Amino acid sequence: NFAHAFWPIGVVATVLVSGMSLSLGVSWRLIIGAVSALSLIPAAMLLLPAREGREYPEHPEPLHWTTVWGHAVAILRVPRFWLFFAAMFVAGGGEFCLTFWCASYIQLHFAASAWAGGVGTAFFALGMVLGRTGWGYLIKQHQLNALILFSALGGTVVTLALPLLTSMWLFFGLLFLAGLATAPFWPSVQSYCTDRLPGTDTTMLFILLSCAGVPGCGFFTWLMGYIGNQSGGLTNAFFL
């Protein structure tokens with residue numbers, strides 16, 4: 001949870017800067033170019049040599065592809081894995097469709113500026129930052145199942161109210177609460193799955209679960225946009 005908090009930290013910084021830049025008349029092409037250039041920073045960091053005496057541990061020898069494939073097959077044969085696979089698919093969609101669509105909804109529904117859309121997305125992402133860092137610090141491993149369950153129930157109540165609001169600032173507040181509720185899904189499902197599937201390769205398990213979460217991001221984001229098109233606006237789409 002704590003490590004995953006750095007994803008919404010990046011979202012907060014990016015949407016605020018880009019939203020303000022768009023409101024000031026900066027071309028979206030320049031903004032996209034600047035964001036692309038930022039990717040060179042972590043690339044350079046990963047290529048830096050290790051400091052003497054602080055060498056990074058490497059795998060002692062490469063694994064044969066049959067060994068890696070065997071790890072995947074062993075996991076795919078466990079029926080319980082597919083429950084977590086489905087949970088990751090839905091969790092990815094719930095997290096990303098709100099991140100993706102809330103700025104557009106704010107601009108269209110409240111006739112607001114690009115800056116306001118960025119602020120709304122930042123409220124959601126800030127809730128995720130605090131939720132992941134807080135739960136990462138407070139929650140013990142055996143409490144993850146309760147965290148996932150109660151976050152889902154609380155998030156359902158909060159997000160069902162989003163389409164009913166007429167106040168933009170109240171909408172921002174509920175986006176913050178939605179971020180808190182959504183925060184633990186992705187990392188907690190992955191972590192809890194490693195407990196429930198002992199003896200499996202953890203690296204392969206995380207890879208396969210991400211193979212569900214990432215398509216979930218795309219599918220539910222598309223479905224929310226499709227519902228918005230068919231119903232004449234994003235309001236009904238937020239019930240998704």
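Mentor: Before we start, a residue counts as buried under 20% relative accessible area, exposed over 50% and partly exposed in between (1.4 Å probe, protein chains only). This is a predicted model, in which local features need pLDDT of at least 70 and side-chain atom pairs 80 or more, while totals for chains, interfaces and linings use all residues. Residues are numbered from 1 along each chain as its sequence is written, and side-chain values use heavy atoms, without hydrogens or water.

Trainee: Is His64 buried, exposed or partly exposed?

Mentor: His64 is found in the loop between α3 (40-47) and α4 (65-76), where helices are DSSP runs (H or I, at least four residues) numbered from the N terminus. Because its relative accessible area is 46%, His64 is classed as partly exposed.

Trainee: How far is the C-alpha atom of His64 from that of Pro8?

Mentor: Along the chain, His64 and Pro8 are 56 residues apart.

Trainee: At what angle do helix α9 and helix α10 pack?

Mentor: Helix α9 spans residues 185-196 and helix α10 residues 202-231. Among the residues making their contact are Trp186 and Gln190 of α9, together with Leu205 and Phe206 of α10. Their axes, lines fitted to C-alpha atoms over the stretch in contact, lie 10 Å apart, and the angle (on a scale from 0 to 180 degrees between N-to-C directions) is about 145°.

Methods. Helices (H or I, at least four residues) and strands (E, at least two) are DSSP runs, numbered from the N terminus. Contact means heavy atoms within 4.5 Å.
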